[in-house]
Amino acid sequence: MTTDVFVEHRSALTGVAYRVLGTASDAEDVVQEAWLRWSKVDHATVDDPRAYLVTVVSRIAVDRLRSARARRESYVGEWLPEPVSTVPDGSERAEMADSVEFALLVVLETLSPLERAVFVLREAFQFPYAEIARIIGREEAATRQLARRAREHVEERRPRFEADRAARRRITERFLAACLEGDLEGITGLLAEDATLVGDGGGRAKAPLRTLYGMAKVGRFLASVTKEPNVRRFLDSLGLDSLDGLWAGIVEINGGPAAVIAAGDQVLTVMILEVVDDRVQDVYMIANPEKMSRVRLPLSS
């Protein structure tokens with residue numbers, strides 16, 4: 001009975017933790033810690049198992065995020081959330097990725113840990129303010145204020161005219177093709193004038209250490225990094241000695257299309273595009289191999 005109750009809520013708990021933390025591995029650790037606490041509690045004293053478990057997960061996740069923020073100060077280059085393949089089968093991984101657009105996770109990184117938890121519980125899971133207040137240990141009025149601040153912050157930073165799924169996929173396919181050909185003109189022809197590129201190599205793969213701004217800089221970087229000599233050096237750094245077996249294609253990541261390059265079953269790079277008015281506004285390029293374990297390649301790759 002104890003296990004059944006926890007399993008019933010596990011997917012939702014993982015979804016809360018992933019949205020608060022931005023890393024699937026940490027989210028799974030949080031849920032495991034919640035299970036250990038749940039297995040030891042006197043269940044006769046728990047009136048609402050769902051509320052109890054969400055409270056435990058939220059509080060652990062907020063504490064972890066505070067610690068993670070301190071560690072990320074020494075991270076090499078920019079830090080981006082961990083991409084997760086969308087799996088349309090109702091699984092726990094799908095709960096993590098569905099409806100959690102990568103660009104939203106990036107914006108959530110700019111919130112305080114408490115604001116982020118409140119935003120997630122209210123906007124993603126529609127918890128009443130009174131319940132959120134109890135979960136975070138604040139008065140309801142203060143909780144409403146945190147939610148309003150977080151919502152305004154997110155709305156200010158999210159694109160107002162995002163492309164639909166079909167347009168995003170079409171542009172992502174064209175963008176990937178241009179990058180693979182090192183076609184500077186083709187790349188810049190798809191970029192917005194004020195496009196940005198945020199790269200996350202974690203010091204272990206080639207990526208800009210700072211955000212690149214403007215069509216020209218973003219285009220030059222992408223056209224150069226995909227040229228064969230640079231690709232060979234990149235493969236050498238990973239201990240791979242051949243271009244044979246390289247695969248590139250579109251994979252559903254965090255509920256949307258992403259350009260993925262892999263060698264065998266090893267994902268090398270994930271590029272997630274934010275498309276506005278049929279132009280690529282933002283490029284999120286994840287190349288840190290430690291962040292690729294939740295990216296699932298098509299079976300045909």
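Is R204 buried, exposed or partly exposed? R204 is partly exposed, because its relative accessible area is 45%, and the term covers the values between buried (under 20% relative accessible area) and exposed (over 50%), computed with a 1.4 Å probe on protein chains only.

## About the model

This is a predicted model, in which local features need pLDDT of at least 70 and side-chain atom pairs count only at pLDDT 80 or more, while totals for chains, interfaces and linings use all residues. Residues are numbered from 1 along each chain as its sequence is written, and side-chain values use heavy atoms, with hydrogens and water left out.

## The sheet

Helices (H or I, at least four residues) and strands (E, at least two) are taken from DSSP runs and numbered from the N terminus. Six strands, written as 6 in the count, form an open sheet with mixed pairing, and their order is β2-β1-β6-β5-β4-β3; two strands are said to pair if DSSP finds at least two bridges between them. At the edges stand β2 (212–213) and β3 (246–253), each of which pairs on one side only. As a general point, strands of a sheet pair through backbone hydrogen bonds, either parallel or antiparallel.

Strands β3 and β4 pair in the antiparallel sense over 8 bridges, and they form a hairpin with 2 residues between them, where N254 in the turn has a positive phi of about 50°. Within this pairing, E252 has P257 in β4 as its bridge partner. Strand β4 (residues 256–263) also pairs with strand β5 (residues 266–276), again in the antiparallel sense, over 5 bridges, and here V260 stands opposite V270 in β5.

## Helices across the sheet

Helix α9 (residues 165–180) lies across β1 (191–200), β3, β4, β5 and β6, and runs at about 30° to β4. Helix α11 (residues 215–225) lies across β1, β2, β5 and β6, running at about 50° to β1. For these angles, axes are lines fitted to C-alpha atoms, for helices over the stretch in contact (heavy atoms within 4.5 Å), and the angles run from 0 to 180 degrees between N-to-C directions.

## Aromatic rings

A search of the whole structure finds 3 aromatic pairs. Rings of Phe, Tyr and Trp (its six-membered ring) pair if their centres lie within 6.5 Å, and planes under 30 degrees apart count as stacked, over 60 as edge-to-face and the rest as tilted. The rings of F102 and Y284 have centres 5.7 Å apart and planes at 55°, so this pair is tilted. The pair links distant parts of the chain, since F102 belongs to helix α5 (residues 102–108) and Y284 to strand β6 (residues 279–286), 182 residues apart; both F102 and Y284 are buried.

Two arginines also lie over the faces of aromatic rings: R72 over W79, at 3.5 Å from the ring centre, and R122 over Y129, at 4.1 Å from the ring centre. A charge sits over a ring if NZ of Lys or CZ of Arg is within 6 Å of the ring centre and within 35 degrees of the ring normal.

## Salt bridges

A salt bridge is a side-chain nitrogen of Lys or Arg within 4 Å of a carboxyl oxygen of Asp or Glu, and by this rule the count comes to 21. R204, the residue of the opening question, meets E290 in a salt bridge (3.0 Å, N to O). This pair links distant parts of the chain, with R204 in the loop between β1 and β2 and E290 in the segment after β6, 86 residues apart. E290 counts as exposed, because its relative accessibility is 57%.

The side chains of R294 and E82 meet in a salt bridge too (3.8 Å, N to O), joining the segment after β6 to the loop between α3 and α4 across 212 residues, and both R294 and E82 are buried. R144 forms a salt bridge with E140, their closest N and O atoms being 3.2 Å apart; because these residues are 4 apart in helix α8 (residues 140–157), about one helical turn separates R144 and E140. A network of salt bridges links D26, D29, E33, R37 and R64.

T55 lies in helix α3 (residues 49–72) and counts as buried, because its relative accessibility is 7%. Leaving aside neighbours within four places in sequence, T55 is in contact with R134 and I135. V84, in the loop between α3 and α4 (92–97), counts as buried because its relative accessibility is 0%. V84 and R296 are 212 residues apart in sequence, and 8.0 Å apart in space, C-alpha to C-alpha.
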